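Q: Could you walk me through this one? I have the sequence and the coordinates open, and I'd like to go place by place.

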Amino acid sequence: MSAQFESVGRRIPRIESREKVEGRSQYIADLYRPGMLHGAILQSPFAHARIRGYNLAEAIAMPGVRAIVTGEDFAEPNRMGAFIKDEHALAKGKVRYVGEPVAAVAADTEEIARAAVQAIRVEFEELPALLTPEEALASGVHIHEGVEGYFKVLDAGSRGNLCSRTEFAEGDVHRGFGESDRVFEHHFETQAQAHVAIEPCGALAELDPQGRLTIWSANQSVFRVQACVAEALGLPMTRIRCLTPRIGGAFGNKMEPHVQPIVAALALKAGRAVKLVLTREEDFEMVRARHPFKIRVKTGVKRDGTFVAREVEVLLDCGAFADDSPGVLGYSLLCARGPYRFPHVRCHGRLVYTNKLRFGAFRGFGNPQVSFAGESQIDDIAEALGVDPIELRLKNILRGDDRALGGQILSSNGLRECVERARDASGWDQWCKGGAPSPSAPGKKRALGFALCGHISGLLASGAIVRMLEDGTVVLNVGANDIGQGSDTVLSQICAEALKIPLENVAFVSPDTDGSPFNWGTTASRVTFMTGRAVVGAAAEVEKQLKRQASEMLECAVEDLELVAGGAVAVKGVPEKKIGFFEIAKRSHWFAGGPIIGSHTWVYDQPTVDPKRAAALGLPFPRIGAYSFSAAVVDVEVDEVTGAAQVKRVWSACDVGRAINPLLVEGQIEGGIAQGIGFALVEEMVWDGARLANPTLMDYKIPTTCEVPYEVHSIIVESHDADGPFGAKGVGEICLVPVPAAIGNAVKHAAGVRLFKLPLTGERILRGTLGKT
Amino acid sequence: MNDTLEVRITVNDSPIVLEVPLTETLLTSLRDRLQLTGAKRGCNQGVCGACTVMVDGMAVRACLSLTANCEGQSVLTIEGAGADPAIAALQDAFIEAAALQCGFCTPGQLIAARALLAQNSRPSIEDVQQGMSGNLCRCTGYNRIIDAVRKAAQRLHP
């Protein structure tokens, strides 16, 4: 923390804490509107079938039923999709996975609505279900007929069941492998993980007196909701206003639409407000999940450990709709090299439609999967070469003018500090010399594991408006949803710092598509970095207007003025000659100049690919973002009898540029570690044929207080990114990314077995130790 | 299904009479009839703990409790819990320790912690881990919740 800052760097509890501990926060399920109806959804019983017709007579006749919508209510061109427009709000013509929404009812009560959907008769003609990418690639049956003709925002190479393909290449991998002394090649697999925000998805829509739709929903971006509902219903965006209640966690599953277009259609048809909140089972079955990956990694090294060439090939299960998947494919490949110097790289992969729930954005966006593979292999290379795995990484990490894969310049690089601080804090070197991390209990083996990763914060557009009120306090309006991570607090701190005013003099506006500046979303670890910089820009505009006013009031040149702490403009070097924001605000509102409003917007503008360095095919993100870094050491204990692994301690060093609020940064790191532990050890969505077998919290376990170690050491590394607000970068995802790989490496050291498939269950570890993989 | 029962209960110190279907859960009565939305529906299956409320001093899952079974009982929800010194201490400690992020599980965590402290006034880390293992949180990683519960315990019993 730097002494010159008043707000930035302070450990401030989130500004809405009191409201949350008193149970006064309103989430989507807590909202009610006059005359509100309740919605329910009919889900598909088939994985793949044509819809031959509907019989709604019995459902319509039920007392209390006010509206029914089916796929026929959505016109053919009105398809949604962040990358490929392939999805109607309700199944139209065909169903493509078990659980897909087929029809929806609005009724006086939820019970009536649920009974009515069961009274809807749909005639299906079953088609062959394609449940794996391999099966789908080999089949002549197409999940989307005519995918080639869908509107796409990228060159996706879509054909048949191939949804998209992406490739990055630098140097010449064939030559690189030829020049290598040792070449290692392994195949890895990762599982589907459910987001399990404790708040299930839901939405409430009503028509205002002008006939415009107002939509509240559990979401990560009011602007994405507005755009997707407009697409799905074929309405101009001016007809739709989106607002947000408090959000009960998201992690990616509330970024793209879930039930909002369905609820909007019901409200339009019923002419009344309609609320629909998914049950936990429905939330599991019809929203989205983390992609299962199959990954082949081939790495060539010199005898001295110098990295020469790496090839990574991935195969992603897309599920039935593209959603964010082309982005996940492309982004995972961008991260698959790792934060290392490799003269020769080729990362390529395919994304394949299957008859399963769509997979989409989930904290880490494909990076935890490829990092599990790449970082596992680097440990095995270190063992084969007889060198310390951390030393091997330090020998090869990006430094100086080294670039990200594709050629993007690194605007800051705290990699070495992350590695060294995690290593030193964890006592890695002593452990390597034979000291146990901590005495193992009888029948247990304990060891450390390490992993290192990079991840971006950035992407697309953000804006901010700072408006001074008549009394000299300000209103900050950014349109960015706080989904629990604390951005309302962090952005308010940035605003207070930029204007040198107390935090309590900043009011934070809840996002509203009618009044807030555009913000793409709370995703891609981007809000602190992207929106924070917009806030700095808007505050600078306010500062300019304040100084113009003050120069007239103090009769001096603008250049001679500066902001001073506490909300005043003073003559430089003469702090007693000052004028407060209160006086300036009064003058601007009532006498001269006009009320003070500052605004700033920007789009992330550094190219991902430098064509002189790299070739790219099917690039989903031409301008990706600033890179953050993280090194993790985990202390894992393996039970020799059951094989079960338990994480006992974690050290996580994250390069966040600058911590605007270290308390909240630590909260992100700790939460990311817990989710990473879940992915590594506990969580797996399992399909029984085409049907999700564990869509309940009874059967799908997430870590509890008993699975997450109490001892977690968050180490904040500050590399001061020149592009970030006060030097800040994102932390939301990077904290999770290395954790599964570090756990896998610790299991290897403890139990002597390398597992190539997640999750690392006790059974798999035990089978591995018994030589039965 | 349509049989209803008149139930006399006390909610947050106010005696009330409810006419409810026999199958209605306490969570539905609180949220939909009484507009007490502090208890959350996370799974409706008794696993996540977001709906935890106190019934006659015991922490219960409101989604698994039938209102019809609560005749004569006293229900405390987060909305009425502020007057309880232990809840107040927990609320302050949760804020200071940053033991909440999205806040959705927080009312349930606070009530569960209150019940734990009633049983064990100075819980160890392991005691809190065991005692609160039925309240899921997807944001925090739990360690700050453990710190907050122990900090509140320390303040209540210095």
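Q: Is A:Arg14 buried or exposed?
A: A:Arg14 counts as buried because it has 27 C-beta neighbours inside 10 Å, where buried means that 20 or more other C-beta atoms lie within 10 Å of a residue's own, exposed 12 or fewer, and partly exposed in between, with C-beta atoms placed from the backbone. This is a predicted model, in which local features need pLDDT of at least 70 and side-chain atom pairs count only at pLDDT 80 or more, while totals for chains, interfaces and linings use all residues. Residues are numbered from 1 along each chain as its sequence is written, and chains are lettered from A and ligands numbered from 1 in the order in which they are written.

Q: Where does A:Arg14 lie, and what is it in contact with, leaving aside neighbours within four places in sequence?
A: A:Arg14 lies in the segment before helix 1 of chain A, helices being DSSP runs of H or I with at least four residues and strands runs of E with at least two, numbered from the N terminus. Beyond its neighbours within four places in sequence, A:Arg14 is in contact with A:Gly486, A:Thr489 and A:Leu664, contact meaning that the C-beta atoms of two residues, placed from the backbone, lie within 7 Å. The C-alpha atoms of A:Arg14 and A:Asn661 are separated by 9.5 Å, although these residues are 647 apart along the chain.

Q: How many residues of each chain are in the contact between A and B?
A: Chain A gives 42 residues and chain B gives 39. On the side of chain A, the elements that give two or more residues are helix 1 (17-21) and helix 17 (662-682), and helix 17 of chain A has the largest share, with 7 residues. By class, that side of chain A has 20 nonpolar, 14 polar and 8 charged residues, where Ala, Val, Leu, Ile, Met, Phe, Trp, Tyr, Cys and Pro count as nonpolar, Asp, Glu, Lys and Arg as charged, and the others, Gly among them, as polar.

Q: Now the domains: how is chain B divided?
A: Chain B has domain 1 (4-80) and domain 2 (84-156), with bounds that come from an automatic or database domain assignment. The centres of these two domains of chain B, taken over C-alpha atoms, are separated by 21 Å, and 14 residues of domain 1 are in contact with 13 residues of domain 2. On the domain 1 side, strand 3 (52-55) and strand 4 (58-61) of chain B each supply at least two residues, with the largest share, 3 residues, coming from strand 3 of chain B.

Q: And which domains does chain A have?
A: The assignment for chain A gives domain 1 (17-24 + 460-603), domain 2 (31-127 + 198-250 + 254-286) and domain 3 (289-458 + 609-769). For domain 1 and domain 2 of chain A, 38 Å separate the centres, taken over C-alpha atoms, and the contact takes 15 residues from each of them. The side of domain 1 of chain A that touches domain 2 has 4 nonpolar, 9 polar and 2 charged residues.

Q: Switching to the largest nonpolar core, which residues touch the most other members?
A: Of its 311 residues, A:Cys495, A:Val535 and A:Ile743 do; such a core is a set of buried Ala, Val, Leu, Ile, Met, Phe, Trp, Tyr and Cys residues joined through C-beta atoms within 7 Å. Helix 15 (residues 527-554) of chain A gives the most to this core, with 11 residues.
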